[in-house]
Amino acid sequence: MSNPLLQKFKSKHTTAPFSKINNEHFKPAFKEGIKRAKAEIDTITNNTDVPTFKNTIEALDFSGYTLDRLSSVFFNLNSAETNDEIQKIAQEVSPWLSEFSNDIRLNKKLFQRVKSLYENRKNLELTTEQNTLLDKKYKSFSRNGANLNDTDKAKLREIDKKLSKLSLQFGENVLAETNAYELHISNEDEIKGLPQGAKEAAQLLAKEKDKEGWIFTLDYPSYVPFMTYVNNRELRENLAKAFGSRAFKQNKNDNQQIVLDIVKLRHKRANLLGYKTHAHFVLEERMAETPEKVLSFSNDLLVKAKPAAEREFDQLKSYAQKDGIEQLQKWDGAYYSEKLKKDIFDLDQEALKPYFRLENVINGVFEVANKLFDLQFNKVDDIDKYHEEVKTYEVTNSKGDFIAIFYADFFPRKGKRNGAWMTSYKSQWIKDEENSRPHVSIVCNFTKPTETKPSLLTFNEVTTLFHEFGHALHGMLANTTYPSLSGTSVYWDFVELPSQILENWCYEKEALDLFARHYESNEPIPQEMVQKIKDSSNFLEGTQTLRQLSFGMLDMSWHGKDPSDIDNVKDFETSVFADTILYPDIAENCMSTSFSHIFQGGYSSGYYSYKWAEVLDADAFELFKETGIFNKKTANKFTKNILSQGGTEKPMALYKRFRGKEPNADALLKRAGLLKK
Ligand SMILES: [Zn+2]
């Protein structure tokens with residue numbers, strides 16, 4: 001047997017042996033990996049000794065090593081370097097994996113062991129981290145109904161079945177409605193204002209459908225530029241109404257009843273499991289903890305952002321008036337905002353790019369990490385990698401201690417999915433007094449170098465690199481005992497703090513001076529450019545805040561109260577939006593019927609997290625601003641209490657230990673220019 005995925009990785013630091021792996025290794029490896037993991041679980045379950053933390057909880061957390069390592073290799077490849085064959089294997093092995101985790105969740109004997117420990121936890125003399133792990137393991141059963149009697153278990157399964165069908169149907173309806181619409185333009189005058197790139201894309205779309213002219217759809221890459229740039233107001237109105245009325249037309253794709261069914265079933269499910277509402281159920285495992293806290297946070301922000309939003313709206317109104325617009329409508333928003341922004345700032349993204357040569361930005365982010373966290377990134381060539389473009393680093397501290405392996409994969413290519421993300425090939429843990437260090441990776445799709453020019457990043461790409469690097473630091477600086485609590489394994493509304501806080505350094509002259517130099521002249525970026533970047537990033541911040549809050553409040557209103565009495569989706573939505581509207585309502589439009597985040601994807605009771613994460617990162621960065629953005633003491637505090645701690649404790653406790661207080665919205669409002677100092 002010579003399947004490299006099933007042998008102990010023999011390389012230095014046990015990095016993944018990419019060059020030895022072929023596609024035919026995966027399936028047999030998954031089969032065997034699951035078998036081994038099952039055997040380990042059986043050993044725990046069938047242990048005749050009384051359950052102890054060590055023989056049950058700790059053993060569970062360290063089980064499945066082979067499966068974990070090979071899964072991380074496989075699924076990371078499926079994102080960063082995939083092909084038809086890998087995708088086919090993914091389709092085949094995914095059900096095996098969910099069956100395996102279902103088997104664990106439904107394992108009654110195992111649950112009894114976990115439960116007996118959980119109920120006796122006060123007497124076990126556990127550390128904080130061990131308590132958290134016990135709680136996490138127990139909840140992974142109880143939140144899935146392990147404590148219910150057989151009748152209620154059957155009910156729960158029935159609800160879950162219905163819910164997954166409804167979510168699927170919801171998504172299919174939105175998709176069908178999105179695809180059912182197209183705007184076919186044959187007279188170029190009608191799309192005046194549209195940038196060349198968007199025009200070409202529309203032309204290509206027409207060609208694909210064997211038509212002359214230009215075709216626009218309700219997909220974002222087509223819809224957004226149209227609403228932002230096309231001068232023809234009537235066409236913008238048509239498109240906006242088509243977009244906003246998806247699945248709200250009393251036809252076979254209508255989602256109104258589905259929305260009502262979903263929220264009522266979710267409520268029933270939560271009640272069955274002993275929670276007041278679906279939001280209470282979800283928020284139990286969030287930093288925000290309760291719907292009440294989310295609402296008070298949202299209201300607090302709303303009160304402060306609303307006056308600014310109204311001022312901005314007035315400004316936009318009078319700006320549009322010069323164009324003869326008497327009543328500003330929703331389909332005017334993006335269009336006049338873009339024009340006004342250009343008038344005020346005239347920030348030329350192209351002129352910024354020469355200051356952001358990729359190599360300089362990477363060195364910049366490494367230098368920031370060095371100044372703050374004492375990390376050194378040593379490029380090495382003896383680490384096996386999955387593509388020649390991947391760069392590999394050994395990360396150490398100034399004492400020479402090995403901290404982590406870092407992979408960086410920057411450019412788009414066939415077989416890599418869109419976007420940017422951080423991931424890992426091995427998490428960190430401590431076992432038998434050995435601190436086993438993590439292997440962390442970031443994957444991006446940045447502007448490629450050409451024959452004549454190096455890779456020059458847009459400012460947006462610069463902040464993306466800092467963002468993903470922030471996640472990577474969370475992984476690399478992990479210092480916990482148990483793998484499932486390590487690094488980025490934290491509550492969902494806490495995970496963006498390390499990433500978003502790092503973006504702040506991109507707006508600081510002191511940090512930019514380390515790396516933002518013209519790639520030809522080596523001139524540092526001019527101060528007025530930095531100021532422009534800052535100012536324009538705050539443009540219409542009040543309006544944006546109000547918009548985000550309104551979506552979060554809609555989500556929380558659907559899920560944070562008993563929905564039994566709600567019978568009209570549009571009326572309900574209108575009442576929720578009453579405090580946040582700026583534009584006149586469009587009677588034939590409805591947000592909820594195409595709000596896929598919360599009715600199809602996994603964001604239900606979680607939409608607030610976007611703003612929540614911003615509040616956190618601004619509040620945390622405030623301490624750096626007060627003490628100096630490269631202040632070692634503050635950075636140490638951040639590492640000690642946040643970056644190294646993973647999910648070993650409730651995030652609010654960790655945060656307070658770093659910050660000395662709970663976060664509040666003032667720093668965000670100040671940064672956004674919504675609050676006078
Ligand atoms: Zn992120």
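In the predicted model, Lys209 is partly exposed, its relative accessible area being 40%. This lysine forms a salt bridge with Glu182, and the closest N and O atoms of the pair are 2.7 Å apart. Glu182 lies in the loop between α7 and β1 (183-185), whereas Lys209 lies in the loop between α8 (196-208) and β2 (214-216), so the pair ties together parts that are 27 residues apart in sequence. Glu182 also counts as partly exposed, at 28% relative accessibility.

Side chains of opposite charge can pair when their charged atoms come close. A search of the whole structure finds 41 salt bridges. One of them joins Arg269 to Asp160, with 2.6 Å between the closest N and O atoms. Arg269 belongs to helix α11 (residues 256-272) and Asp160 to helix α7 (residues 150-180), so this contact ties together parts that are 109 residues apart in sequence. Arg269 is buried, with a relative accessible area of 12%, while Asp160 counts as partly exposed at 30% relative accessibility.

A further salt bridge is formed where the side chains of Lys416 and Asp409 meet, at 3.0 Å from N to O. Lys416 is buried, with a relative accessible area of 9%. Asp409 counts as buried too, at 0% relative accessibility. Both residues take part in a network of salt bridges that also links Glu81, Glu389 and Arg413.

Charged residues were also examined at the surface. Asp562, Asp565, Asp567 and Asp571 gather there in a patch of negative charge. Within this group, Asp567 is located in the loop between α21 (541-559) and α22 (569-577). Asp567 is exposed, as its relative accessible area of 66% lies over the 50% required for that class.

The cysteines were considered next. Zero disulfides are found in a search of the whole structure. For Cys506, the closest cysteine sulfur is that of Cys444, and the two sulfur atoms are 13 Å apart, which is too far for a bond. Cys506 is buried, with a relative accessible area of 1%. Cys590 likewise counts as buried, at 4% relative accessibility.

Methods: Residues numbered from 1 in each chain as written. Predicted model: local features only at pLDDT ≥ 70, side-chain atom pairs only at ≥ 80, totals over all residues. Heavy atoms only, no water. Patch = residues over 30% accessible without salt bridge, like charges linked within 9 Å, V, L, I, M, F, W, Y side chains within 5 Å. Areas by Shrake-Rupley, 256 points an atom, 1.4 Å probe, with all protein chains shown as cover. Salt bridge = Lys/Arg side-chain N within 4 Å of Asp/Glu carboxyl O. Lys, Arg positive; Asp, Glu negative; His and termini not counted. Charge placed at Lys NZ, Arg CZ, Asp CG, Glu CD. Helix = DSSP H or I, 4+ residues; strand = E, 2+ residues; numbered from the N terminus. Buried < 20%, exposed > 50% of the residue type's maximum accessible area, 1.4 Å probe, protein only. Disulfide = S-S within 2.5 Å.
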